[in-house]
Amino acid sequence: MSLIIEAPAKINLLLNVKGQRSDGYHELESVMHQINLVDRIHIKKDDRITVKSNSSQIPTGPDNLAYQAAELILHNYGRGEGAAIYIEKNIPVGAGLAGGSTDAAAVLKALNILYNYNVVGEELAKLAAQIGSDVPFCLEGHPELSINDPEIISREGKRSVVGATCLAQGRGELLSPWAHRIIPYMVLVKPEFQLSTAEVYKNFQQNLMLRPPDLAAFIRAWQLYDIIEIAQSCENVLETVSTVLNPEILQIKEELKAMGAIKAVMSGSGPAVFGIFTCLDPAHRAWQELKQNYAETYLVSSYGGGVYYNGN
Ligand code: C5P
(Lines give C-alpha, C1' and ligand atoms only; values in the text may rest on other atoms or scores of the structure.)
Protein backbone atom coordinates (compact mmCIF):
# COMPACT_ATOMS: atom_id res chain seq x y z
CA MET A 1 0.00 0.00 0.00
CA SER A 2 1.59 3.27 -1.05
CA LEU A 3 0.53 6.82 -1.62
CA ILE A 4 1.81 9.60 -3.86
CA ILE A 5 1.10 13.17 -2.82
CA GLU A 6 2.07 16.37 -4.59
CA ALA A 7 3.91 18.99 -2.56
CA PRO A 8 3.58 22.41 -4.26
CA ALA A 9 6.13 25.21 -3.92
CA LYS A 10 5.06 28.55 -2.42
CA ILE A 11 5.92 32.06 -3.45
CA ASN A 12 5.50 35.18 -1.31
CA LEU A 13 3.52 37.64 -3.40
CA LEU A 14 4.05 40.18 -0.63
CA LEU A 15 6.37 40.03 2.37
CA ASN A 16 6.69 42.64 5.07
CA VAL A 17 8.75 42.34 8.26
CA LYS A 18 7.07 44.21 11.08
CA GLY A 19 9.73 43.77 13.75
CA GLN A 20 11.87 41.39 15.74
CA ARG A 21 10.32 39.22 18.45
CA SER A 22 11.69 38.20 21.81
CA ASP A 23 11.91 34.54 20.63
CA GLY A 24 14.41 35.54 17.91
CA TYR A 25 11.92 35.23 15.04
CA HIS A 26 10.57 38.16 13.03
CA GLU A 27 6.97 39.28 12.98
CA LEU A 28 5.69 38.90 9.41
CA GLU A 29 2.88 40.02 7.18
CA SER A 30 3.01 37.96 4.02
CA VAL A 31 0.77 36.78 1.18
CA MET A 32 1.72 33.17 0.45
CA HIS A 33 0.60 31.47 -2.74
CA GLN A 34 1.04 27.90 -4.03
CA ILE A 35 2.36 27.37 -7.57
CA ASN A 36 2.34 24.35 -9.86
CA LEU A 37 6.00 23.52 -9.43
CA VAL A 38 5.72 20.39 -7.29
CA ASP A 39 7.73 17.70 -5.53
CA ARG A 40 6.10 14.27 -5.42
CA ILE A 41 6.27 12.35 -2.17
CA HIS A 42 5.94 8.57 -2.48
CA ILE A 43 5.25 7.08 0.91
CA LYS A 44 4.43 3.68 2.33
CA LYS A 45 4.16 2.00 5.69
CA ASP A 46 7.34 0.52 7.10
CA ASP A 47 8.74 -0.37 10.50
CA ARG A 48 11.30 2.49 10.57
CA ILE A 49 11.76 5.92 8.95
CA THR A 50 13.83 6.12 5.76
CA VAL A 51 14.13 8.98 3.25
CA LYS A 52 15.44 8.58 -0.30
CA SER A 53 15.45 11.08 -3.14
CA ASN A 54 16.37 11.51 -6.79
CA SER A 55 18.23 14.68 -5.70
CA SER A 56 21.69 14.63 -4.16
CA GLN A 57 21.14 18.20 -2.90
CA ILE A 58 18.93 17.29 0.05
CA PRO A 59 19.83 15.42 3.24
CA THR A 60 18.20 12.01 3.75
CA GLY A 61 18.72 11.81 7.53
CA PRO A 62 17.21 13.72 10.46
CA ASP A 63 18.21 17.09 8.91
CA ASN A 64 15.55 16.60 6.25
CA LEU A 65 12.28 18.35 7.20
CA ALA A 66 10.24 15.46 5.72
CA TYR A 67 12.14 13.07 8.02
CA GLN A 68 11.43 15.40 10.97
CA ALA A 69 7.72 15.51 10.05
CA ALA A 70 7.54 11.70 9.97
CA GLU A 71 9.35 11.44 13.30
CA LEU A 72 7.07 14.01 14.93
CA ILE A 73 3.72 12.54 13.87
CA LEU A 74 4.83 8.92 14.42
CA HIS A 75 6.25 9.76 17.84
CA ASN A 76 3.09 11.59 18.92
CA TYR A 77 0.44 9.29 17.47
CA GLY A 78 2.10 6.03 16.46
CA ARG A 79 2.90 2.81 18.25
CA GLY A 80 6.40 2.12 16.94
CA GLU A 81 5.57 2.25 13.21
CA GLY A 82 7.72 3.95 10.54
CA ALA A 83 7.54 5.07 6.91
CA ALA A 84 9.52 4.64 3.71
CA ILE A 85 9.62 8.07 2.04
CA TYR A 86 10.84 8.82 -1.47
CA ILE A 87 11.11 12.50 -2.47
CA GLU A 88 10.91 13.20 -6.19
CA LYS A 89 12.55 16.63 -6.05
CA ASN A 90 11.62 19.27 -8.62
CA ILE A 91 11.53 22.42 -6.46
CA PRO A 92 14.91 24.20 -6.33
CA VAL A 93 16.69 23.81 -2.99
CA GLY A 94 17.61 26.81 -0.79
CA ALA A 95 15.55 29.09 -3.00
CA GLY A 96 12.87 30.74 -0.82
CA LEU A 97 10.19 28.45 -2.29
CA ALA A 98 9.49 26.36 0.85
CA GLY A 99 10.70 23.18 -0.87
CA GLY A 100 11.67 21.41 2.37
CA SER A 101 8.61 22.72 4.22
CA THR A 102 6.15 21.50 1.58
CA ASP A 103 7.71 18.01 1.62
CA ALA A 104 7.27 17.98 5.41
CA ALA A 105 3.62 19.08 5.13
CA ALA A 106 2.95 16.37 2.54
CA VAL A 107 4.44 13.73 4.86
CA LEU A 108 2.19 14.87 7.72
CA LYS A 109 -0.88 14.63 5.46
CA ALA A 110 0.16 11.29 4.00
CA LEU A 111 0.96 9.53 7.28
CA ASN A 112 -2.27 10.84 8.74
CA ILE A 113 -4.10 9.07 5.91
CA LEU A 114 -1.99 5.90 5.79
CA TYR A 115 -2.13 5.25 9.52
CA ASN A 116 -5.59 6.70 10.15
CA TYR A 117 -4.37 9.05 12.89
CA ASN A 118 -7.16 11.53 12.25
CA VAL A 119 -5.08 14.57 13.31
CA VAL A 120 -6.78 17.61 11.80
CA GLY A 121 -7.19 21.38 12.05
CA GLU A 122 -5.37 23.22 14.84
CA GLU A 123 -3.73 20.05 16.13
CA LEU A 124 -2.10 19.29 12.77
CA ALA A 125 -1.16 22.96 12.25
CA LYS A 126 0.59 22.97 15.65
CA LEU A 127 2.67 19.93 14.70
CA ALA A 128 3.54 21.65 11.41
CA ALA A 129 4.66 24.85 13.16
CA GLN A 130 7.10 22.83 15.28
CA ILE A 131 8.91 21.81 12.06
CA GLY A 132 9.19 25.28 10.51
CA SER A 133 7.42 28.61 10.01
CA ASP A 134 6.29 27.83 6.43
CA VAL A 135 5.01 24.30 7.11
CA PRO A 136 1.50 25.27 8.34
CA PHE A 137 0.87 27.18 5.08
CA CYS A 138 2.07 24.18 3.07
CA LEU A 139 -0.70 22.08 4.70
CA GLU A 140 -3.28 24.32 3.03
CA GLY A 141 -4.79 23.69 -0.42
CA HIS A 142 -5.89 20.36 -1.90
CA PRO A 143 -2.99 18.61 -3.55
CA GLU A 144 -3.22 15.78 -6.03
CA LEU A 145 -3.22 12.47 -4.28
CA SER A 146 -2.98 9.00 -5.76
CA ILE A 147 -3.39 5.94 -3.66
CA ASN A 148 -3.33 2.28 -4.56
CA ASP A 149 -5.46 1.25 -1.63
CA PRO A 150 -9.18 1.00 -2.56
CA GLU A 151 -10.21 1.48 1.07
CA ILE A 152 -8.48 4.86 1.31
CA ILE A 153 -9.76 5.97 -2.09
CA SER A 154 -13.33 5.47 -0.97
CA ARG A 155 -12.67 7.36 2.28
CA GLU A 156 -10.88 10.33 0.67
CA GLY A 157 -13.07 10.52 -2.42
CA LYS A 158 -11.78 12.33 -5.47
CA ARG A 159 -10.11 15.61 -4.67
CA SER A 160 -9.81 18.43 -7.15
CA VAL A 161 -6.43 20.12 -7.17
CA VAL A 162 -6.72 23.61 -5.69
CA GLY A 163 -3.86 25.80 -4.51
CA ALA A 164 -3.98 27.97 -1.43
CA THR A 165 -3.38 31.68 -0.90
CA CYS A 166 -3.16 32.94 2.67
CA LEU A 167 -2.28 36.07 4.55
CA ALA A 168 0.38 34.79 6.96
CA GLN A 169 1.18 36.63 10.18
CA GLY A 170 3.09 35.91 13.39
CA ARG A 171 6.24 34.06 12.37
CA GLY A 172 4.32 32.84 9.32
CA GLU A 173 2.09 30.27 11.03
CA LEU A 174 -1.03 32.41 11.68
CA LEU A 175 -3.02 31.99 8.47
CA SER A 176 -6.08 33.65 6.98
CA PRO A 177 -7.09 31.79 3.79
CA TRP A 178 -8.07 33.93 0.82
CA ALA A 179 -10.33 33.32 -2.18
CA HIS A 180 -8.74 31.15 -4.89
CA ARG A 181 -7.22 33.14 -7.76
CA ILE A 182 -5.13 31.86 -10.65
CA ILE A 183 -2.14 33.93 -11.76
CA PRO A 184 -1.72 32.29 -15.15
CA TYR A 185 1.75 33.27 -16.39
CA MET A 186 4.79 33.54 -14.17
CA VAL A 187 8.45 32.96 -14.95
CA LEU A 188 10.45 31.72 -11.98
CA VAL A 189 14.24 31.96 -11.97
CA LYS A 190 16.52 30.36 -9.39
CA PRO A 191 20.15 31.46 -9.76
CA GLU A 192 22.83 28.90 -8.94
CA PHE A 193 23.65 30.17 -5.46
CA GLN A 194 21.58 29.50 -2.33
CA LEU A 195 20.77 31.80 0.59
CA SER A 196 20.32 30.90 4.26
CA THR A 197 16.95 32.06 5.60
CA ALA A 198 18.46 32.61 9.06
CA GLU A 199 21.26 34.80 7.65
CA VAL A 200 18.88 36.92 5.58
CA TYR A 201 16.60 37.57 8.57
CA LYS A 202 19.58 38.25 10.84
CA ASN A 203 20.78 41.02 8.50
CA PHE A 204 17.39 42.66 8.05
CA GLN A 205 17.29 46.31 9.14
CA GLN A 206 13.90 47.96 9.35
CA ASN A 207 15.38 51.43 8.84
CA LEU A 208 16.72 50.52 5.38
CA MET A 209 13.17 50.07 4.15
CA LEU A 210 11.98 53.09 2.17
CA ARG A 211 8.26 52.41 2.69
CA PRO A 212 6.39 49.27 3.72
CA PRO A 213 4.47 47.25 1.08
CA ASP A 214 0.85 48.37 0.64
CA LEU A 215 -1.13 45.37 1.91
CA ALA A 216 -4.45 47.22 1.60
CA ALA A 217 -3.80 47.85 -2.12
CA PHE A 218 -2.87 44.17 -2.54
CA ILE A 219 -6.10 43.04 -0.85
CA ARG A 220 -8.17 45.35 -3.10
CA ALA A 221 -6.45 43.99 -6.21
CA TRP A 222 -7.02 40.40 -5.06
CA GLN A 223 -10.71 41.08 -4.41
CA LEU A 224 -11.08 42.64 -7.87
CA TYR A 225 -9.02 39.81 -9.42
CA ASP A 226 -7.06 42.46 -11.32
CA ILE A 227 -3.84 40.72 -12.40
CA ILE A 228 -2.05 43.98 -13.28
CA GLU A 229 -2.85 45.53 -9.91
CA ILE A 230 -1.98 42.27 -8.12
CA ALA A 231 1.39 42.21 -9.89
CA GLN A 232 2.08 45.86 -9.18
CA SER A 233 1.34 45.39 -5.48
CA CYS A 234 3.81 42.49 -5.09
CA GLU A 235 6.77 43.42 -2.92
CA ASN A 236 9.31 41.79 -0.62
CA VAL A 237 11.27 43.76 1.99
CA LEU A 238 13.85 40.96 2.36
CA GLU A 239 15.21 42.06 -1.03
CA THR A 240 16.95 44.85 0.92
CA VAL A 241 19.17 42.12 2.43
CA SER A 242 19.38 39.42 -0.25
CA THR A 243 20.25 41.76 -3.12
CA VAL A 244 23.20 43.05 -1.08
CA LEU A 245 24.32 39.49 -0.26
CA ASN A 246 24.17 38.77 -4.00
CA PRO A 247 23.34 41.50 -6.58
CA GLU A 248 22.59 38.87 -9.26
CA ILE A 249 19.02 38.96 -7.88
CA LEU A 250 18.69 42.57 -9.08
CA GLN A 251 19.98 41.61 -12.50
CA ILE A 252 17.36 38.82 -12.84
CA LYS A 253 14.61 41.24 -11.80
CA GLU A 254 15.74 43.71 -14.46
CA GLU A 255 15.93 41.00 -17.14
CA LEU A 256 12.42 39.77 -16.37
CA LYS A 257 11.05 43.33 -16.57
CA ALA A 258 12.90 44.01 -19.82
CA MET A 259 11.23 40.88 -21.26
CA GLY A 260 7.74 42.14 -20.38
CA ALA A 261 7.05 41.17 -16.77
CA ILE A 262 4.74 43.69 -15.10
CA LYS A 263 6.67 43.12 -11.89
CA ALA A 264 9.51 40.85 -10.77
CA VAL A 265 9.92 40.09 -7.08
CA MET A 266 12.05 37.79 -4.95
CA SER A 267 10.27 34.98 -3.09
CA GLY A 268 10.80 34.54 0.67
CA SER A 269 14.41 34.99 1.69
CA GLY A 270 15.45 34.25 -1.90
CA PRO A 271 17.23 33.95 -4.14
CA ALA A 272 14.41 32.73 -6.47
CA VAL A 273 12.70 35.57 -8.37
CA PHE A 274 9.31 35.41 -10.11
CA GLY A 275 8.05 37.72 -12.84
CA ILE A 276 4.32 38.12 -13.52
CA PHE A 277 3.20 38.44 -17.16
CA THR A 278 -0.21 39.23 -18.61
CA CYS A 279 0.05 36.89 -21.61
CA LEU A 280 1.62 33.57 -22.49
CA ASP A 281 3.75 34.66 -25.47
CA PRO A 282 6.17 37.06 -23.72
CA ALA A 283 6.30 34.76 -20.69
CA HIS A 284 7.18 31.81 -22.92
CA ARG A 285 9.88 33.86 -24.67
CA ALA A 286 11.34 35.03 -21.35
CA TRP A 287 11.39 31.43 -20.08
CA GLN A 288 13.19 30.24 -23.21
CA GLU A 289 15.73 33.05 -23.09
CA LEU A 290 16.45 32.99 -19.36
CA LYS A 291 16.92 29.24 -19.18
CA GLN A 292 19.98 29.68 -21.43
CA ASN A 293 21.70 31.36 -18.48
CA TYR A 294 19.79 29.91 -15.56
CA ALA A 295 19.20 26.15 -15.76
CA GLU A 296 16.53 26.35 -13.06
CA THR A 297 14.03 28.55 -14.91
CA TYR A 298 10.35 27.60 -14.97
CA LEU A 299 7.19 28.83 -16.66
CA VAL A 300 4.54 28.34 -13.99
CA SER A 301 1.01 29.19 -12.89
CA SER A 302 -0.79 29.10 -9.61
CA TYR A 303 -1.22 25.54 -8.30
CA GLY A 304 -4.36 24.00 -9.71
CA GLY A 305 -4.29 25.74 -13.07
CA GLY A 306 -2.44 26.65 -16.22
CA VAL A 307 0.92 25.96 -17.77
CA TYR A 308 4.04 24.34 -16.42
CA TYR A 309 7.33 24.01 -18.26
CA ASN A 310 10.45 23.00 -16.43
CA GLY A 311 14.08 23.97 -16.88
CA ASN A 312 14.91 21.52 -19.69
O1 C5P B 1 10.99 28.59 10.97
P2 C5P B 1 12.17 28.25 10.15
O3 C5P B 1 12.99 27.14 10.78
O4 C5P B 1 11.86 27.96 8.74
O5 C5P B 1 13.09 29.54 10.13
C6 C5P B 1 14.43 29.52 9.76
C7 C5P B 1 15.12 30.73 10.33
O8 C5P B 1 14.66 31.91 9.69
C9 C5P B 1 14.85 30.95 11.81
O10 C5P B 1 15.77 30.25 12.60
C11 C5P B 1 15.00 32.45 11.95
O12 C5P B 1 16.36 32.77 12.05
C13 C5P B 1 14.51 32.97 10.62
N14 C5P B 1 13.09 33.41 10.66
C15 C5P B 1 12.78 34.59 11.31
N16 C5P B 1 11.47 35.00 11.35
C17 C5P B 1 10.49 34.28 10.76
C18 C5P B 1 10.80 33.08 10.08
C19 C5P B 1 12.12 32.68 10.05
O20 C5P B 1 13.65 35.28 11.86
N21 C5P B 1 9.24 34.73 10.81
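This is a predicted model: local features need pLDDT of at least 70, side-chain atom pairs count only at pLDDT 80 or more; totals for chains, interfaces and linings use all residues.
1. Ground rules first. Local features need pLDDT of at least 70 and side-chain atom pairs count only at pLDDT 80 or more, while totals for chains, interfaces and linings use all residues. Residues are numbered from 1 along each chain as its sequence is written, and side-chain values use heavy atoms, with hydrogens and water left out.

2. The largest nonpolar core has 42 residues. By nonpolar core I mean buried Ala, Val, Leu, Ile, Met, Phe, Trp, Tyr and Cys residues joined through side-chain atoms within 4.5 Å; buried is under 20% relative accessible area, exposed over 50%, and partly exposed in between (1.4 Å probe, protein chains only). Leu-3, Ile-43, Ile-85, Val-107, Leu-108 and Leu-111 touch the most other members. Helix H2 (residues 99–114) is the top contributor, giving 9 residues. Helices (H or I, at least four residues) and strands (E, at least two) are DSSP runs, numbered from the N terminus.

3. Setting aside residues up to four places away in sequence, Leu-108 touches Ala-69, Ile-73, Leu-124, Leu-127, Ala-128, Ile-131 and Leu-139 (contact is heavy atoms within 4.5 Å).

4. Helix H11 (residues 280–293) passes a length check: at 1.5 Å a residue its 14 residues should span 20 Å, and the end C-alpha atoms are 21 Å apart, which agrees. The expected span is 1.5 Å times one less than the number of residues. Its buried residues are Pro-282, Ala-283, Ala-286, Trp-287 and Leu-290. Down the axis they fall within an arc of 140°, so they line one face of H11; the arc is taken from the directions from the helix axis to the C-beta atoms. Asp-281, Arg-285 and Gln-292 are exposed on the other side. The cover over the buried residues includes strand E8 (185–190), helix H10 (248–258), strand E11 (273–277) and strand E12 (296–300).

5. On to the ligand. Among the residues around it are Gly-24, Tyr-25, Leu-28, Thr-197 and Tyr-201 (near is a heavy atom within 4 Å). A ligand oxygen is 2.8 Å from a side-chain N or O atom of His-26, and a ligand oxygen lies 2.5 Å from a polar side-chain atom of Ser-133. A ligand nitrogen is 3.0 Å from a polar backbone atom of Arg-171.

6. Last, Ser-302, in the segment after E12. At 1% relative accessibility, Ser-302 counts as buried. Its side chain reaches the backbone nitrogen of Ile-183 at 2.6 Å.

Notes: A polar contact is a pair of N or O atoms within 3.5 Å; within protein, one must be able to donate a hydrogen and the other to accept it, and residues adjacent in sequence count only if both atoms are side-chain atoms.
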